[in-house]
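Here are a few exercises to work through with the model on your screen. Try each task yourself, then read the solution step by step.

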Amino acid sequence: QVQLMESGGGLVQAGGSLRLSCAASGSIFSINNMGWYRQTPGKQRELVATITDNGRTNYADSVKGRFTISRDNAKSAVYLQMDSLKPEDTAVYYCAADVKYNHYDSRWYWGQGTQVTVSS
């Protein structure tokens with residue numbers, strides 16, 4: 001079994017910054033893609049950013065130039081640096097990881113979510 005533990009959410013004023021962290025633990029052979037998603041009440045969960053095992057990144061248009069995703073493979077961790085935050089960034093943020101548990105098989109795991117609130 002694998003657990004993803006997020007931290008770093010909170011309340012911040014518009015224009016401020018937050019850094020989210022997520023660490024995976026458990027039966028991990030290696031990790032393929034990792035990512036951050038967010039969800040607000042009544043809306044579908046949406047992609048924020050993803051990063052491959054060799055560091056290639058992808059961002060939602062709404063966060064390009066403001067958010068930076070990174071990872072530390074030695075720690076099985078992924079991070080999201082969020083700068084120039086806007087009220088519309090308010091959401092529950094979830095980390096996700098495609099975890100390999102042997103040479104051939106993998107599955108996606110999700111964290112429990114962390115609340116980010118940006119006040120205007």
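Is Cys95 buried or exposed? Cys95 has 0% relative accessibility, so it counts as buried, the cut-off being under 20%. Keep in mind as you go that this is a predicted model.

**Exercise 1. Find the partner of Cys95 and work out what the pair ties together.**

Step 1. Look for a disulfide: the count for this structure comes to one.

Step 2. Pick out its two ends. The bond joins Cys22 to Cys95, with the sulfurs 2.0 Å apart.

**Exercise 2. Describe the overall build of the protein.**

Step 1. Go through the secondary structure. Read from the N terminus, the elements run β-β-β-β-β-β-β-β-β-β-β.

Step 2. Judge how compact the chain is. Its radius of gyration is 14 Å, close to the 14 Å that the globule rule gives for 120 residues, so the protein is as compact as a globular protein of that length.

Step 3. Along the principal axes, the C-alpha atoms fill roughly 45 × 25 × 25 Å.

Step 4. Ask what share is hidden from the surface. Of the 120 residues, 42% count as buried.

Step 5. See how far the contacts reach along the sequence. Take the contacts between residues at least 6 apart: 55% of them join residues at least 24 apart.

**Exercise 3. Trace the salt-bridge network that includes Arg38.**

Step 1. Start from the total: the structure holds four salt bridges.

Step 2. Follow Arg38 to Glu46. Their side chains form a salt bridge, at 2.7 Å from N to O.

Step 3. Compare the surroundings of these two. Arg38 has a relative accessible area of 7%, so it is buried. Glu46, with 38%, is partly exposed.

Step 4. Now go from Arg38 to Asp89. This salt bridge has an N to O distance of 3.0 Å. Arg38 is in strand β4 (residues 30–39), while Asp89 is in the loop between β8 (77–82) and β9, so the pair ties together parts 51 residues apart in sequence. Both Arg38 and Asp89 are buried.

Step 5. Carry on from Asp89 to Arg66. Here the closest N and O atoms are 2.8 Å apart. Arg66 sits in the loop between β6 (57–59) and β7 (67–72), and Asp89 in the loop between β8 and β9, which puts these linked parts of the chain 23 residues apart. Arg66 and Asp89 are both buried.

Step 6. Through shared partners, the salt bridges join Arg38, Glu46, Arg66 and Asp89 into one network.

**Exercise 4. Work out what surrounds Tyr94.**

Step 1. Locate Tyr94: it lies in strand β9. Its relative accessibility is 14%, so it counts as buried.

Step 2. List what it touches, skipping neighbours within four places in sequence. Tyr94 is in contact with Glu6, Gly35, Trp36, Tyr37, Gln39, Arg45, Trp110, Gly111, Gln112 and Gly113.

Step 3. Zoom in on Tyr37. Tyr94 and Tyr37 are 57 residues apart in sequence, yet their C-alpha atoms are 5.1 Å apart in space.

Step 4. Turn to Arg45. Its charged end sits over the ring of Tyr94, 3.7 Å from the ring centre. Arg45 also lies over the face of Trp110, at 4.8 Å from that ring's centre.

**Exercise 5. Find where Thr52 lies and which residues it touches.**

Step 1. Name its contacts, leaving out residues up to four places away in sequence. Thr52 touches Asn32, Asn33 and Arg71.

Key. Residues are numbered from 1 along each chain as its sequence is written. This is a predicted model: local features need pLDDT of at least 70, side-chain atom pairs count only at pLDDT 80 or more; totals for chains, interfaces and linings use all residues. Side-chain values use heavy atoms; hydrogens and water are left out. A charge sits over a ring if NZ of Lys or CZ of Arg is within 6 Å of the ring centre and within 35 degrees of the ring normal. A disulfide is a pair of cysteine sulfur atoms within 2.5 Å. Helices (H or I, at least four residues) and strands (E, at least two) are DSSP runs, numbered from the N terminus. Buried means under 20% relative accessible area, exposed over 50%, partly exposed in between (1.4 Å probe, protein chains only). Contact means heavy atoms within 4.5 Å. The radius of gyration is taken over C-alpha atoms; the globule rule is 2.2 Å times the number of residues to the power 0.38.
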